[in-house]
4 protein chains.
Amino acid sequence: MAQVTTTNGGFLGHVQDMLNTHPGKPTYDRALLLECIEACFDCAQACVSCADACIGERDPAKLTACIRLNNDCADICEATGKIQSRQTALDRNVVRAVIAACATICASCAEECERHASQFEHCRVCAEACRACERSCKKVLAA
Amino acid sequence: MAQVTTTNGGFLGHVQDMLNTHPGKPTYDRALLLECIEACFDCAQACVSCADACIGERDPAKLTACIRLNNDCADICEATGKIQSRQTALDRNVVRAVIAACATICASCAEECERHASQFEHCRVCAEACRACERSCKKVLAA
Amino acid sequence: MAQVTTTNGGFLGHVQDMLNTHPGKPTYDRALLLECIEACFDCAQACVSCADACIGERDPAKLTACIRLNNDCADICEATGKIQSRQTALDRNVVRAVIAACATICASCAEECERHASQFEHCRVCAEACRACERSCKKVLAA
Amino acid sequence: MAQVTTTNGGFLGHVQDMLNTHPGKPTYDRALLLECIEACFDCAQACVSCADACIGERDPAKLTACIRLNNDCADICEATGKIQSRQTALDRNVVRAVIAACATICASCAEECERHASQFEHCRVCAEACRACERSCKKVLAA
């Protein structure tokens, strides 16, 4: 077995190590794929956290649209992150359909979070994670 | 509070009860929505189980495409089932994008499972669950 | 291949068909396992729906503990339902640890939902699903 | 609103930013919590990827125990990562039960992956992610 140089670990390091030690070859450019897997898990975590932070604010009733989109966005980003983490017997059509849906939801969630960004810093951070994921998904689709 | 008549429980009964006791009104026809939520969780479970059954067969190497699609399909059906379970502050565009992606993946997974249906009964059952979910998603999109 | 008689489908029918067509033998009693897989997916769906219904109520700030427990309970029930759907190369210790944690969370979520059951019917239904899942997990652990 | 200094983003940066901008105070030490949230998502991703890599190897039939544990470990780590990402109305008993189960599964999955670590580099990397998550969960439980 050819020796593979691995990173020092942590989330991003391990994603990279897993890609480099996989027996299959990624269909997409490896750097793009790495970025998009990270962006999906990043956005999923931020959305779970933002929904919870919104619920913890004094008047969550004003944030229902944000909470709802956060929850939906977390679910789709989680699925997209896992699907892109698989390289074996990839069905290009399937993966692209998921990534396209993910980009759509991330854009909507970002837009909603941006409306509250000046009032709630967690919405500002979450919008940033959503935009990064949207951009990354679109780059993968354009590749 | 108006009394709501509830079912005798179980998966399908509780999905129905939750829809009927929700403070919001579903955007889609309630019967269609109920059917589609059930179909998504049904397909997610069948795909998790089929991937595992394939791995337990004597020669899983012949079933890699099936295992891969099962895993992806489970992830997207789970997300779609959860997203359709929410009625508050629904973003129609977001929900439709997810359901459309779900229909695409279910069709691909069904096709792959159907190839092995005569040899592996779990693939035949899983294909059935995937086709039911595909049909249900398409009905919701057409509504 | 021995012919297996299958059900008429739907969520519960397919869970049963998948169990019956799996190449492995379930470690637990098949009827118990079927009941517990259904209870886990049922409770996951009810909790996702109840969290969303709570957010849609006039004063969600009063329901933060319920929303939080619903979200946590949905996550653990989903994981437990998927883990119990797998029969290949089962690690008894692992599966039992997950089921035990699931019973704990279901009990806490049920207790919280029961506090609001007289005011919110969705909390009453959700508590019912949580209690059913708690009981079913405990039955599997005692088997 | 007090200005919060935020990071340059990326997965770990955003997890930290979300913790720092949350209206609630984390029950656990913030550095420990940050480490454990990262470790859970890291381990979930590594396990999804390792299961898929195992299926892509020439003889996946020899890796069924590894694939099974990878799948279970991914599910529980995902749930644990999301649950720890929430700070509102935390039920300490619930969170601890989940983290304890997560530590158990991570240990079992690490042990299995370590058996194949000299032959499959992806198993070596995955074992590393599992051990890191096990350690981090135990540190949170001991805090």
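First, some housekeeping: residues are numbered from 1 along each chain as its sequence is written, while chains are lettered from A and ligands numbered from 1 in the order in which they are written. Since the model is predicted, local features need pLDDT of at least 70 and side-chain atom pairs count only at pLDDT 80 or more, although totals for chains, interfaces and linings use all residues, and side-chain values use heavy atoms, with hydrogens and water left out.

Let's start with helix α1 of chain A, residues 10-21. Helices here are DSSP runs (H or I, at least four residues; strands are E, at least two), numbered from the N terminus.

Which residues of α1(A) are buried? They are A:Phe11, A:Gly13, A:His14, A:Val15, A:Asp17, A:Met18, A:Leu19 and A:Thr21. Buried means under 20% relative accessible area, exposed means over 50%, and partly exposed is in between (1.4 Å probe, protein chains only). As for what covers them, the buried residues of α1(A) pack against α2 (30-56) of their own chain A, and also against α1 (10-21), α2 (30-55) and α5 (121-142) of chain D.

Next comes α2(A), with 27 residues. From its first C-alpha to its last, α2(A) reaches 39 Å, close to the 39 Å expected at 1.5 Å a residue. This helix is mostly covered, with 23 of its 27 residues buried. At its N-terminal end sits a cap: a side-chain oxygen of A:Asp29 lies 3.2 Å from the backbone nitrogen of A:Ala31.

Now for the way chains A and D meet. The contact (heavy atoms within 4.5 Å) takes 45 residues from chain A and 45 residues from chain D. Between them the two chains bury about 3,900 Å², 60% of it on carbon and sulfur atoms. Buried area is the accessible area (1.4 Å probe) that two parts lose on being put together, summed over both. On the side of chain A, A:Met18, A:Gln45 and A:Glu121 supply 18% of the area buried against chain D, more than any other three residues.

What about charged pairs? Chains A and D have two salt bridges between them, where a salt bridge is a side-chain nitrogen of Lys or Arg within 4 Å of a carboxyl oxygen of Asp or Glu. D:Lys82 forms a salt bridge with A:Glu78, and the closest N and O atoms are 2.8 Å apart. Two or more residues of the side of chain A that touches chain D come from each of α1, α2, α3 (64-84) and α5 (121-142) of chain A. The largest share, 13 residues, comes from α2(A).

How do the two copies relate? A rotation of 180 degrees with 0.0 Å of shift along its axis superposes chain A on chain D, with an RMSD of 0.0 Å. The copies are therefore related as by a two-fold rotation axis. They also use the same surface, as 100% of the contact residues of chain A recur in chain D. Superposition here is by least squares on the C-alpha atoms of residues with pLDDT of at least 70 in both copies.

Chain D also touches chain C, with 27 residues of chain C in contact with 27 residues of chain D. This pair buries about 2,200 Å², 62% of it on carbon and sulfur atoms. In chain C, the residues that lose the most area to chain D are C:Arg68, C:Asp75 and C:Arg86, together 28% of what that side buries. There are six salt bridges between chain C and chain D. C:Asp75 takes part in a salt bridge with D:Arg86, the closest N and O atoms being 2.9 Å apart. On the side of chain C that touches chain D, α3 (64-85) and α4 (92-115) of chain C each supply at least two residues, and α3(C) gives the most, with twelve.

One last stop is A:Ala89, in the loop between α3 and α4 (92-115) of chain A. Phi of A:Ala89 is near 50 degrees, a positive value in a residue other than glycine. At 34% relative accessibility, A:Ala89 counts as partly exposed.

How values were computed: The expected span of a helix is 1.5 Å times one less than its number of residues. A polar contact is a pair of N or O atoms within 3.5 Å; within protein, one must be able to donate a hydrogen and the other to accept it, and residues adjacent in sequence count only if both atoms are side-chain atoms.
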